[in-house]
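Subject: Structure handover

Hello,

Here is the structure you are taking over. My notes follow below it.

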Amino acid sequence: MTDALAKWAAALNTFDSIKHNFRAPGQVEKALNSIALDERILLFRGSDSDIVERLSPYDQVEGASVKFATDRTAQKVAAFQQSNFRLPPALDELERFIFHGLSAKLPVTDSFYNGLGLTYWRHFIVAALHPEFEAGDEIVIAGQVDTLLYRIWQCMCKFDMDRPFTLTRKRNRADESATLKLKRPDLCITTSRALLFKGEDKTSDADLRKAIEELGTKMSNWGANFHGKVEYLLCYACAGPILQFCVLPWGSNIPRTLGSEMSMGTQAGRLRIIAVAIQVYQVIKAQRAHLPDHYFPLGWTDHTSLSSIEFFDGYVQKRVEYSQAWPKKRRLFMTQVYTACKDSAYLIHAMASPKDSPSPETEGVIYYAVDLEPLGVPLLSKYSDQRPKNQAELKSLTKCVLSGVQDLHNANYGHTDIRWQNIIQCGNSHRLIDLEFVCKLNQRPFTPPGYVRKARPELYSHKWVAEYDLILVGDLLESCKLPDLDGEGQELMHAMQAGSVSAGQALQHPWLTG
């Protein structure tokens, strides 16, 4: 392998020294032939498969006297993908698949051809092969890993004509809190809000074992609760120039290594990493096609006009920037609310008291932050609609919502924001979330400046009383428009909308007890 690389490098150096004397494509080809360069180099796990080729950027246009550069990236991306590859490889077949070798050669070109007609695809291959490895902090190493993995995947996504999709990258930032870094992998790759690849970076090659171990401790409980039928999670551990691909089987927090260690410090190592990255792309693509309709977006961050929600394995972190709309004094009030509701089985829980958290992006900006559990799927969001489809489902949900409301009222609080978006399904039960709009009963509700109350806006100009929460629950029942809602159900719905029953009384109604 070393001799082949040396031959290739020497030939390219020779070509560099003469290429400026040849300006026409025919002369360039003649020069290449005179070097007797073996353009195909055997590098990949000692197999007989060639993985690199130099592609001519020229096409002869009929009737034209000159050749024109043509971008064949889409054809090359298609050639890398097996036409019958629709299901992800089974776990016991995964290593053999990603190290089997490519179904086409990597398009490698020299700088002269780059200048004449660089295709999008070759740009990323050349960019990945060109730089020498630079030792540095985790951010520097992360950038080099991204060049070999994420940018290759970006290009394949862009030109994939079969089942195009997008990948989203999220990395830990240098100025984020140590607590977040201990919870979140250094790299998360998501598609359709599902985490399908992650990575850990260390600066010293002596820390490879530590990087592999952290793959099993950060977001390790991703499992079927998050991604349904996905059998395993591909990942990498990087330590200095050394990169090791791994896999986390479903239900396990012990990573398995795939293949041998590869070095980003050598051209041969970078070629191997790119080749594996292309195979990994096919696995991610197949896994994405078999995601369930609804799952927890582990590693994803959702943003609203007021807050952001980041999903971890087992909990979410909610963050709100302190401002006139969200004054800092709300943190102490929310600490009291979450403490008062910590034993309710029908309300979201704070894992610890809300805290102040510095912004990772803007110096001097402070956020309200609270870690919340358990995880659940909102009954209504921009991604899905899980509202009750029949009377039996509506009864079960109503019992849970009224029980949560009763627990709040018993603690002398009103929810004030009961909507489908603020109810999550947790297994066979439901919980009320978004307690950040809670207020003391018989006091004016908290409404940030500019925030619009779309449901029953007339209620928010008065002191909030317990009956107002029941009115909102009654409106939920009506919005379902269930054709099988019987007379008792309609009776309870109208009683709540009239504000004539308490949560405790509603729970004793025959429609819910029968």
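Asp434 is buried, as its relative accessible area of 15% is under 20%. Please keep in mind that this is a predicted model. Asp434 sits in the loop that runs between strand 20 (429-432) and strand 21 (439-440). Its phi is near 55°, a positive value in a residue that is not glycine.

Arg456 also has a positive phi without being glycine, here near 50°. Its place is the loop between strand 21 and helix 15. With 27% relative accessibility, Arg456 counts as partly exposed.

One further backbone feature is a cis peptide bond between Glu373 and Pro374, with omega at about -5°. Pro374 belongs to the loop between strand 16 (366-373) and strand 17 (377-378).

Six strands form an open sheet in the order 5-6-7-8-9-10, and the pairing is mixed. Strand 5 (168-171) and strand 10 (256-263) are the edge strands, each pairing on one side only. On average, neighbouring strands of this sheet are turned by 20° against each other, direction ignored. Helix 12 (residues 267-289) packs on the sheet, where it touches strand 6 (187-191), strand 7, strand 8, strand 9 (242-249) and strand 10. The direction of helix 12 makes about 145° with that of strand 10.

Within the sheet, strand 7 (residues 194-202) and strand 8 (residues 232-239) run parallel and are joined by 6 bridges. Lys198 stands opposite Cys235 of strand 8.

On the cysteines: how many disulfides are there? The count comes to 0. Cys400 is in no disulfide, and the nearest cysteine sulfur, that of Cys426, is 9.3 Å away. A disulfide would need the two sulfur atoms within 2.5 Å. Cys400 is buried, with a relative accessible area of 9%. Cys238 counts as buried too, at 0% relative accessibility.

Last, a helix pair. The axes of helix 15 (residues 466-480) and helix 16 (residues 487-497) come within 7 Å and cross at roughly 140°. This crossing is left-handed. On the helix 15 side the contact involves Leu470, Ile471, Val473, Gly474, Asp475, Leu477 and Glu478, which meet Met493, Met496 and Gln497 in helix 16. By class, the contact has 6 nonpolar, 2 polar and 2 charged residues.

Regards

Notes: Residues are numbered from 1 along each chain as its sequence is written. This is a predicted model: local features need pLDDT of at least 70, side-chain atom pairs count only at pLDDT 80 or more; totals for chains, interfaces and linings use all residues. Side-chain values use heavy atoms; hydrogens and water are left out. Two strands pair if DSSP finds at least two bridges between them. Helices (H or I, at least four residues) and strands (E, at least two) are DSSP runs, numbered from the N terminus. Axes are lines fitted to C-alpha atoms, for helices over the stretch in contact, and angles run from 0 to 180 degrees between N-to-C directions. Contact means heavy atoms within 4.5 Å. Buried means under 20% relative accessible area, exposed over 50%, partly exposed in between (1.4 Å probe, protein chains only). A crossing is left-handed if the near helix is turned anticlockwise from the far one by less than a right angle, and right-handed if clockwise. Ala, Val, Leu, Ile, Met, Phe, Trp, Tyr, Cys and Pro count as nonpolar, Asp, Glu, Lys and Arg as charged, and the others, Gly among them, as polar.
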